[in-house]
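Me: I have a model open on my screen and would like to walk through it with you. Could we take it one question at a time?

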Amino acid sequence: MSNMGTAETAATTAAAGSPEFLVEARGIVKKFGAFTANDHVDLAIRPGEIHALLGENGAGKSTLVKMLYGSLQPTAGRIFWKGEPVTVTDPARARDLGIGMVFQHFSLFEALTVTENIALALTGVKDMNALADRIATVSKDYGLPLEPRATVADLSVGERQRIEIVRCLLQEPKLLIMDEPTAVLTPQEADQLFLTLERLASEGCAVLYISHRLEEVKRLCHASTILRHGKVVARVDPSLETAASLARLMVGADVHAIRPKHARVAGPTRLYLDQLDLPANGPFAVALEKVSLEVRAGEVLAIAGVAGNGQSELFDALSGERRADRPGAVVIEGTPCGTLGVSERRALGAAFVPEERLGHGAVPAFRLSENVVLTRDTVFADAMRRLLGFLDFARADETATRVSTAYDVRKGKPDPEARSLSGGNLQKFVVGRELDRKPGVLVVNQPTWGVDAGAAALIRQALIDLAADGAGVLVISQDLDEIFEIADRIAVISRGALSPGYDAHVMTLEKVGLLMGGAHGGSEAIDGALKLREADGRAY
Amino acid sequence: MDQSALLAVLLTIVTASTPLLLAALGELVTERAGVLNLGVEGMMVMGAVAGFAVALMTGSPYLGIVASALAGALLAVPFGVLTLNLVANQVATGLALTLLGLGLSGLIGERFVGQPGVRLQKLAIPGLSDIPFVGPILFGQDVLVYLSIALAVLVSWVVFRSRAGLILRAVGDNHASAHALGYSVIRVRWAAVLFGGAMAGLGGGYLSLAYTPQWIENMTAGRGWIALALVVFSSWLPSRLVIGAYLFGAVTILGFFVQGLGVGVPAQLLSSLPYIVTIAALVVISTRRGRARADTPACLGQPFVPDR
Amino acid sequence: MRIELEKRPERSKVMAWASPIIAVLATVVTGGLIFAAIGKPPLQALWIFFLEPFSSLWSIEELVVKATPLILIGVGLSVAYRANVWNIGAEGQFTIGALMGGMVPVFFNTWQSPLTLVLMLVLGILGGMIWALIPALLKIKAGANEILVSLMLVYVAQLLLDWLVRGPWRDPKGYNFPKTVGFEDWQVMPVFGGGRLNLGILLAIVAAIALSILMRRTMKGFEVRVLGEAPRAGRFAGFSSDRMTLFVFLLSGGLAGLAGIVEVASTVGQLQPNISPGYGFTAIIVAFLGRLDPIGVVVAALMLAVSYLGGEAAQVALGISDKAARVFQGVLLFWVLACDTLILYRLRIVRGAPAAEGV
């Protein structure tokens, strides 16, 4: 089923690498304490090849790649460059060899300019002005224009990624490593990126492309190595596979399909935002402008959008961590509560799950039972508080155990600290903690970010089930696959403005992309398209 | 006020401002690297006692200057070990440094109380220093005054125009990214902390060698804390720091001047002026800065543990 | 070869207990080295400094008297620091508390009633609270750094006291000495037995127990801990950082003020320029040594009281300056902070450069 390349049969104990490969990693092992991130991994890339490194969250992709780049050192194993063994002691050495890396989380300095940022990544920069000119030229040449004297803090996420890429391009790399590059791009920006990468490949530069976006990988890549739990499980040509077969290789078993949603007649409105305005509260924040939305009982409304377009601000406005200027801007279960705080909104039956589990949704150093107390409001009859403000620890403990069992939270001890749990397990706990309160409204931001496939499936199913039971569920997500899986209606947030919500079955990736580009212009196009389709009598 | 009195006041302002400027410059560099060192008061007072002691024992104020800088830097070493290598809480460690410095200096300085010190002489450049009024102010200062101004210029140039300064600012802005790019965050911060210590020591040495050439326990009287406030007040810009230091020096001297006038204002109220003005300055600068939080080095005070 | 820090998956409970003990032992060793360096016999000096204070009933009484203000201030600070609010100005709040409470003997010297002392104590608490309110409000309204503001106010408070006792409040029959009238019997803390052990220690113990219950068992204590560890999570839970700042400043300021009036209404017996050997700053060390836990603070306060007594004894017996106590306190804090690292991290010694055939 999977077509194995010739590379992995070569003797792994050979002292020299094969000259046909630009870079080869053999028998790479990396341990962090007791945890093995990479377990005897072999990887081989040819010049001019766009090679995908696939695997779900936590499979060990980022770790492997950091070792190629010198940010980490392997516990065991060898790396060959153009057939010769090398030790990549640090990123400077990697750059000397001709390896460039664009990280998933940018290594940028907000207070510094574009030129200064790039200068830091290069050695031997003597003339900053000459560098600025080179940046302007090269960036324009490759279709990723940059203004050298701009301060990074003022740039959008897409522009920041360009800095990372141009930084690598200036050093004329032979291997460019990209870690989840399209996670922060609109579909149109992603297309531009692919053009740039294909041009690089045609010039002889190899690209190591880390992603879990299977359609992209199929479209772009010539070869791939698939990791699961730190080991290589397959080497295939993605263009010959289907997304489903790739997914199976990544996860190892069929991920059970989410139970299909029934067409549902939505009930009364549970959550309602009416022209909500929220000024930006910091230099890097996004202002919300006249945001309106409606979530009815029994439905899941998903808000799509690329990171940095106001999602956190919207979440804070919904949860009450930031209050609106008038009560009627936010209405929960029919009660205007725009000027009320978090606890009051929870008292109305709302529950919230923020994007960051550690530090926002849970206190990392606190045990799970203590974290339960975090979102129990103090007014309800089932409150954790008794007379005089004394906490009922027994009940908190009970709840923690109940949540852990119901949502399959795997933990080492009965009541561990939150930070010792894996991402997926902690997320299951945080979501479960809210669902345990049987809320009428649930607002969740990035429900399965950084979570393994099994936990993600469980969480998504729980969200659908909650809606099926009659609650109104609002999901903010950057993962379009997830959105299309669970949403009844989809809206798009862009630069602090929210598009109207469209039924999921009339939305496609292209339309979402258009809306991401500019909410208002795009929605007219969509409305136009909808009218055409209605006229045709077709349902999509 | 006649010209000679005005001249005297201006000269005293310079002497009062210089220790603040020296100490604050050092802390500015430290904070630009992302490290908050609250131990300035402790390092300053150690510099004061070391400078005094060495100058007294050798007869040379210049050796005293060197000793004061060394003492400050040496006291910064345990701070560095704790906060940079052992990732201890920077606020608590800085406080510990201050308490240790105050205690240690009191212990060492006991035998020097009451002894007359060796004063750092003002320069006398033939011709230039004799120009009436302007001469003494601009050309008749002691070495450390000129050094403080020169250092302000140097620090400004290095931090904003040199590669070393770029790396310093990068480390203070985003230590994770700096590390990912291969820069040794710990080493850069060590250099910044030691520099800060030396400068604080130098500031203290100035107190006991030029300002009042004697040793009194706790003679820094909170100047180290004022220096910390000055760094915030200057938005981490050396040019503004010079202005701020001289403003504070002026406020301090104003107090003495008013006292000398014999007006019925209690001496203690005038002595408390620098502290009250510091509070006012902090309030003003923080309110205005609320909108542009971008001034503060983003990683200030955050511990850094490299993963290797 | 280098030392690497490896983060532990959870806080080590063993180290949480062992760390203060290791720190104390390390301080003792360092102390021995310091004594040797200044030419005094180390073992004898260590005995006088650390163990002799426990050897007689009188000295144990003195220990408790000295520990009283440390406990009162320390437990308040421990709560504040748990909330990540850095009240460094306890010394100033102590001073103003003494001043406010001292107004009664100064202005109403002849009012004799069991309520006199009560009023003095209440005013003392209020004085500390008012002085602590300033940095709290400035932080909330203007975002001004509370460390620097509260510290500046220490100097201002000291100058205020100095002016009052030399000027307007000076005892006219006091031969021009800078002090107020001495406090009368009913204006002074009642003592037990014939010594100096007074009611203050009871107040301190009550405060410690009350705050311990607050921190461990109530919603307020939970709120303090959450806001201190993860402010964003605190906001998510509906807690307000601003209100917490106000709460802990008023709490720690009030307790510091109480310590101030208790001290002048017992040990000192009047108002004078110098009423504290730095209790407000030593209490910071006490708070950390006590692991920011009210009961731990009680133990730590006793240990630091030892350093005061030991310092005095060493001065008499061996001619070591009493400043040595200060040095010890600073060294102790350093060791406490160093050992605290071991709670969150494990030390690993890595030999040679990390290589492909690695560990």
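Predicted model: local features only at pLDDT ≥ 70, side-chain atom pairs only at ≥ 80, totals over all residues.

Me: What percentage of the residues in chain B are buried?
Reply: A residue counts as buried if 20 or more other C-beta atoms lie within 10 Å of its own. Of the 308 residues in chain B, the share that is buried is 55%.
Then there are the contacts of chain B with a separation of 6 or more: residues 24 or more positions apart account for 78% of them. Back to your question, the buried share is 55%.

Me: Which element gives the largest share of the side of chain A that touches chain B?
Reply: In this contact, 20 residues of chain A meet 15 residues of chain B. On the chain A side, the elements that give two or more residues are α2 (91-97) and α3 (114-121). By class, that side has 13 nonpolar, 4 polar and 3 charged residues. The largest share, 4 residues, comes from α3(A).

Me: Which strands are the edge strands of the open sheet in chain A?
Reply: The open sheet has 4 strands in the order β2-β1-β4-β5, with antiparallel pairing. On average, neighbouring strands of this sheet are turned by 30° against each other, direction ignored.

Me: Which residue in β4(A) is the bridge partner of Ala25(A)?
Reply: Strand β1 of chain A covers residues 23-32, and it pairs with strand β4, residues 76-81, in the antiparallel sense over 5 bridges. The partner of Ala25(A) in β4(A) is Ile79(A).

Me: Which helix of chain A lies across β1, β2 and β4?
Reply: Look for a helix spanning residues 61-69 of chain A. Its direction is about 115° to β1(A). The helix you want is α1 of chain A.

Me: How far apart are the centres of domain 1 and domain 2 of chain A?
Reply: Domain 1 takes in 49-69 + 89-226 + 233-249, and domain 2 takes in 270-358 + 440-536. Their contact takes 12 residues from domain 1 and 14 residues from domain 2 of chain A. On the domain 1 side there are 6 nonpolar, 5 polar and 1 charged residues. Taken over C-alpha atoms, the centres are separated by 30 Å.

Me: Is Gly102(C) buried or exposed?
Reply: Gly102(C) lies in helix α4 (residues 90-107) of chain C. Not counting residues up to four places away in sequence, Gly102(C) touches Thr180(C), Val264(C) and Leu271(C). Because 30 other C-beta atoms lie within 10 Å, Gly102(C) is buried.

Key. Residues numbered from 1 in each chain as written. Chains lettered and ligands numbered in written order. Domains from an automatic or database assignment. Contact = placed C-beta atoms within 7 Å. Nonpolar A, V, L, I, M, F, W, Y, C, P; charged D, E, K, R; others polar. Pairing = 2+ DSSP bridges. Axes fitted to C-alpha atoms, helices over the stretch in contact; angles between N-to-C directions. Buried ≥ 20, exposed ≤ 12 C-beta atoms within 10 Å, placed from the backbone.
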